[in-house]
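Keep the structure open and follow along.

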Amino acid sequence: MKQDLSCPIELQGCTLSYREGAALASVCLYNLTPRRVTSFEAVVKWRSSASGRSVAAPFCAESLRAGGNSRFTVALSTQRVPDADHLDVLFTAVQFEDGGDSWRA
């Protein structure tokens, strides 16, 4: 996975669980800037070691209030790879509360 080192959000980890034919993820992120993040766009790639299946899907997190220099969590899920055991998040855009320039990959 390629990472854009200029991205203002850092993926710190995730916890996967499974329920009713779906893979669920609680993703821990960190806002690397002093500015409050209000939304972001990303591509999420789910992979299964057991089946070899993978799927990439766009994701948009809105109505966030992620404070500057702090952790925040988002929840993700997929039914397309219900046994997913790997998750990659590629951030493509980040918007800030102050209305200043957004970050784009």
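Start at L87. Not counting residues up to four places away in sequence, L87 touches C14, A25, V27, V44, K45, W46 and L76. Bear in mind that this is a predicted model.

The largest nonpolar core has 26 residues. Within that core, I9, L29, F40, W46, L87 and F91 touch the most other members. Which strands supply this core? At least two residues each come from β2, β3, β4 (54-61), β5 (70-78) and β6.

The structure holds one cavity of 30 Å³ or more.

S39 sits in strand β3, which spans residues 37-47. Is S39 buried or exposed? Its relative accessibility is 13%, so S39 counts as buried, the cut-off being under 20%. The side chain of S39 has a partner: a polar contact of 2.5 Å joins it to the side chain of Q95. Leaving aside neighbours within four places in sequence, S39 is in contact with A61, E62, L64, V94 and Q95.

Turn to the charges. Side chains of opposite charge can pair when their charged atoms come close. How many salt bridges does a search of the whole structure find? The count is four.

Take D98 and R35. They form a salt bridge, with the closest N and O atoms 2.9 Å apart. The pair links distant parts of the chain, 63 residues apart. D98 is in the loop between β6 (86-96) and β7 (103-104), while R35 is in the loop between β2 (22-31) and β3. R35 is partly exposed, with a relative accessible area of 26%.

R36 and E97 make another such pair. Their side chains meet in a salt bridge at 3.4 Å, N to O. R36 lies in the loop between β2 and β3 and E97 in the loop between β6 and β7, so this bridge ties together parts 61 residues apart in sequence. R36 is partly exposed at 28% relative accessible area. E97 is partly exposed as well, at 45%.

Finish with R47 and D88. Their side chains meet in a salt bridge of 3.3 Å, N to O. R47 lies in strand β3 and D88 in strand β6, so the pair ties together parts that are 41 residues apart in sequence. Their surroundings contrast. R47 is partly exposed, with a relative accessible area of 29%. D88 is buried, with a relative accessible area of 19%.

How values were computed
Residues numbered from 1 in each chain as written. Predicted model: local features only at pLDDT ≥ 70, side-chain atom pairs only at ≥ 80, totals over all residues. Heavy atoms only, no water. Helix = DSSP H or I, 4+ residues; strand = E, 2+ residues; numbered from the N terminus. Buried < 20%, exposed > 50% of the residue type's maximum accessible area, 1.4 Å probe, protein only. Polar contact = N/O pair within 3.5 Å; in protein donor to acceptor, adjacent residues only side chain to side chain. Contact = heavy atoms within 4.5 Å. Core = buried A, V, L, I, M, F, W, Y, C linked by side-chain atoms within 4.5 Å. 1 Å grid on protein atoms, 1.4 Å probe; cavity = no way out; pocket = protein on both sides within 12 Å on 5 of 7 lines; lining within 4 Å. Points joined across faces, edges and corners; volume = space filled by probe spheres on them.
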